[in-house]
Amino acid sequence: MKREDVCQCIRSGDERLDRVIGDAIGKSEVEIVKVATRRVERGVLSAVFKVDITLQDDSAPLRWILKICRDDLDIRWMFRKEKIFYTAFGPNVAPEELPFRLAKSISSSEEHIILDFVDNAICHDLLGGCPENKVSFLIHAMACWHAQCWGLDSPVLKEDDLENSPPGIGQRLLPMQKEYLFASKWRDVVDQMIFGIDVSLKEFATQLCCKMENLKLRQIHHIVHNRKVTVIHGDYHIENWLFPSDGSKPVLVDWTAWGYGNPMVDLAFFFVVGSNKDVISNHRYWVQQYIESLVKSNPKIDRSEVSSVREWLVWALLCQWMVLVCFDEKCRAIAGAEHDESKRKALLEHFNRVNIRALMCLRETGCLEMLKQIPNVTIEERKEAKQVSDLTPLSLEGA
């Protein structure tokens with residue numbers, strides 16, 4: 001079917017959207033009658049659409065999910081990474097060994113990703129947190145993925161977009177940038193947080209941050225991201241899961257922040273961003289469940305590495321707290337720009353809960369004792385960190 005004929009069938013009103021869909025349909029070599037697009041209320045850094053394509057021969061219609069880069073954000077690096085995952089890495093993963101599956105990729109570039117739509121899938125909103133009956137599965141699935149990719153040596157992982165920056169949302173911040181921004185921003189962050197009746201948590205937050213601001217925090221970044229043992233998802237939370245109502249394997253999506261790195265970046269992110277207070281209170285139990293699933297899925301993993309997982313988690317939580325402090329103002333700005341008052345309130349409450357969970361988890365880990373391993377920062381080192389931070393604009397696009 002000619003491209004101009006395809007475009008005549010689309011007419012979404014968005015020239016770029018029409019072009020991306022038209023190119024994908026052209027590659028599919030199908031004859032179409034009609035294309036309908038509908039904006040989906042998911043995605044903060046990208047626009048997401050459901051695409052329904054009616055075919056001429058009365059066969060089953062095509063249904064796609066299209067994620068396209070927002071015009072006002074330069075996040076092409078995210079789309080490049082996700083394209084690498086779906087075209088070069090994901091197809092080589094053995095799905096029968098996993099309790100979930102990967103979405104089928106239709107088309108990808110540095111500005112869009114098109115995936116096959118999962119019919120009748122049950123989705124959960126991140127703002128609502130992970131449902132209690134899904135926590136065990138998400139921990140198990142994470143461990144199985146990490147186990148399968150543990151110690152993997154793949155040429156795909158040598159791609160520039162993967163090798164030259166740490167995986168994980170927010171982790172691309174330069175080590176010295178994290179150090180300086182944390183020291184200069186933490187007081188404002190803690191002052192704006194709503195702690196409720198847990199007054200002791202605010203006391204802990206102040207104690208922790210007063211300790212951290214005098215340390216050479218770049219070392220925490222290096223401790224976490226020099227520990228490269230497996231492929232991580234990087235944005236691991238409930239909203240990136242699709243659960244088919246027919247009981248078939250769930251689907252894990254949104255691989256924009258994946259890469260070869262420290263598995264505890266995934267676990268720390270899940271605890272902080274996507275769980276709830278009960279999970280945090282019982283995080284030792286869930287870490288043990290993760291370890292048991294990890295070893296069962298791959299008995300060849302070095303036992304010394306497994307025994308160090310709990311320590312790795314503390315460093316990953318500290319690193320995640322640094323990221324949250326650095327981006328807190330940006331996140332609040334996103335919420336403030338929301339026109340719908342209820343959504344604006346929900347986002348602000350979510351960001352506050354995320355910060356609360358990070359501190360709750362750190363309070364339970366004995367992190368203050370571990371911080372004794374990090375030396376104090378010198379005046380010259382802090383000046384150096386400031387220079388790096390001043391030369392590197394803080395943006396969500398670079399997260």
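Two strands count as paired if DSSP finds at least two bridges between them. Strands (E, at least two residues) and helices (H or I, at least four) are DSSP runs, numbered from the N terminus.

This is a predicted model, so local features need pLDDT of at least 70, side-chain atom pairs count only at pLDDT 80 or more, and totals for chains, interfaces and linings use all residues. Residues are numbered from 1 along each chain as its sequence is written, and side-chain values use heavy atoms, with hydrogens and water left out.

**View 1. Two strands side by side.** Here's strand 2 (residues 46–55) pairing with strand 3 (residues 62–69): antiparallel, over eight bridges. Look for A47, whose bridge partner in strand 3 is I68.

View 2. Zoom out and you get an open sheet of five strands, antiparallel, in the order 1-2-3-6-5. Strand 1 (32–40) and strand 5 (105–108) are the edge strands, each pairing on one side only.

**View 3. A helix across the sheet.** Helix 3 (residues 76–89) lies across strands 2, 3, 5 and 6 (112–116), and runs at about 35° to strand 6. Contact here means heavy atoms within 4.5 Å. Axes are lines fitted to C-alpha atoms, for helices over the stretch in contact, with angles from 0 to 180 degrees between N-to-C directions.

**View 4. Who lines the second largest pocket?** Of its 17 lining residues, L157, L162, E163, K228 and Y260 are the closest to the centre. A pocket is an open set of points on a 1 Å grid over the protein atoms alone, where a 1.4 Å probe fits, with protein on both sides within 12 Å along at least five of seven lines; lining residues have an atom within 4 Å of a point. Helix 8 (218–225) and helix 5 (160–163) each supply at least two lining residues, and helix 8 gives the most, with three.
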